[in-house]
Amino acid sequence: MRRLAPMLALLLAACVSPRLVAVSAEDWQPDAPDMQAMAREFTDVSRKVSNAARTECNRRTTAVNCDFVVLVDLDPRAPANAFQTLDDKGRPVIIFTQSMIRSTLNADEVAFVMGHEAAHHVLNHIARQAQNAKDGARSFGDRARALGEDAAAIEAAQELGAEVGVQSYAREFELEADQLGTIITYRSGYNPLIGAKYFARIPDPGDQFFATHPPNAQRVQMVLQTAAGLGVTQ
Ligand SMILES: [Zn+2]
């Protein structure tokens with residue numbers, strides 16, 4: 001089993017535990033017999049979704065690295081999670097924890113979550129969120145300065161502004177990723193309507209003001225609408 005710890009420790013140091021140890025989907029060979037069939041399915045989904053995501057990415061972007069790599073976090077205690085990041089060469093990386101893989105019911109759900117994460121990259125969400133944080137920090141900082149606040153208060157205002165900047169677009173970005181994720185799932189050969197049933201089992205953030213994810217009903221609506229546009233109604 002090839003371990004990618006040093007590379008990942010480097011690329012993820014800023015946002016995730018530097019001790020993350022992960023392998024590529026093709027190299028993931030769990031020892032537990034009940035995980036082996038799941039691992040084969042995961043590898044298969046990874047290959048199909050990466051290919052479809054690359055095609056969509058090349059079609060919709062210019063000068064963007066569309067060469068997706070899917071990794072499995074080998075920490076058995078890591079909570080159910082999937083996320084997208086970039087390595088030091090700007091290559092898009094999608095990471096699934098094993099609990100996340102175990103929490104899916106079928107290949108369509110795996111494909112849907114993976115398609116959603118790939119969509120975040122195609123839509124340039126990491127850079128756009130960084131810009132939103134910067135804009136929010138600047139505008140709150142300027143306001144504090146104009147009010148004659150001291151340096152510490154200006155800094156506190158900038159931190160709050162960065163947070164507000166990120167939060168104000170977080171839900172919109174999730175819905176955008178659900179929309180393109182539906183298309184990528186479909187083009188990978190999976191059913192986004194079956195895949196999106198995953199939402200029914202995760203906690204609904206509801207309508208809280210500061211929720212980073214939209215209410216599940218809104219996400220399901222986006223998937224239904226996008227799938228219908230592709231001719232998928234069941
Ligand atoms: Zn997302």
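## Helices α2 and α4

In this predicted model, Glu41, Phe42, Val45, Ser46, Val49, Ala53, Glu56, Cys57 and Arg60 of α2 meet Ala107, Val110, Ala111, Met114, Gly115, Ala118 and Val122 of α4. Contact requires C-beta atoms, placed from the backbone, within 7 Å. Helices are DSSP runs (H or I, at least four residues) and strands likewise (E, at least two), numbered from the N terminus.

The axes of α2 and α4 are 9 Å apart, at an angle of about 30°. Axes are lines fitted to C-alpha atoms, for helices over the stretch in contact, with angles from 0 to 180 degrees between N-to-C directions.

## Nonpolar core

The largest nonpolar core holds 40 residues. Such a core joins buried Ala, Val, Leu, Ile, Met, Phe, Trp, Tyr and Cys residues through C-beta atoms within 7 Å; buried means 20 or more other C-beta atoms within 10 Å of the residue's own, with C-beta atoms placed from the backbone. Val49, Ala53, Val110, Ala111, Met114, Ala118 and Ile184 touch the most other members. Elements supplying at least two residues each include β2 (69-73), β4 (92-97) and α8 (216-229). The largest share, nine residues, comes from α4.

Beyond neighbours within four places in sequence, alanine 111 contacts Val45, Val49, Thr185, Ser188, Tyr190 and Gly195.

## Helices α5 and α6

The axes of α5 (residues 125-146) and α6 come within 6 Å and cross at roughly 140°.

## Conventions

Residue numbers run from 1 along each chain as its sequence is written. Local features need pLDDT of at least 70, side-chain atom pairs count only at pLDDT 80 or more, and totals for chains, interfaces and linings use all residues.

Definitions and conventions
A residue is buried if 20 or more other C-beta atoms lie within 10 Å of its own, exposed if 12 or fewer, and partly exposed in between; C-beta atoms are placed from the backbone. Two residues are in contact if their C-beta atoms, placed from the backbone, lie within 7 Å.
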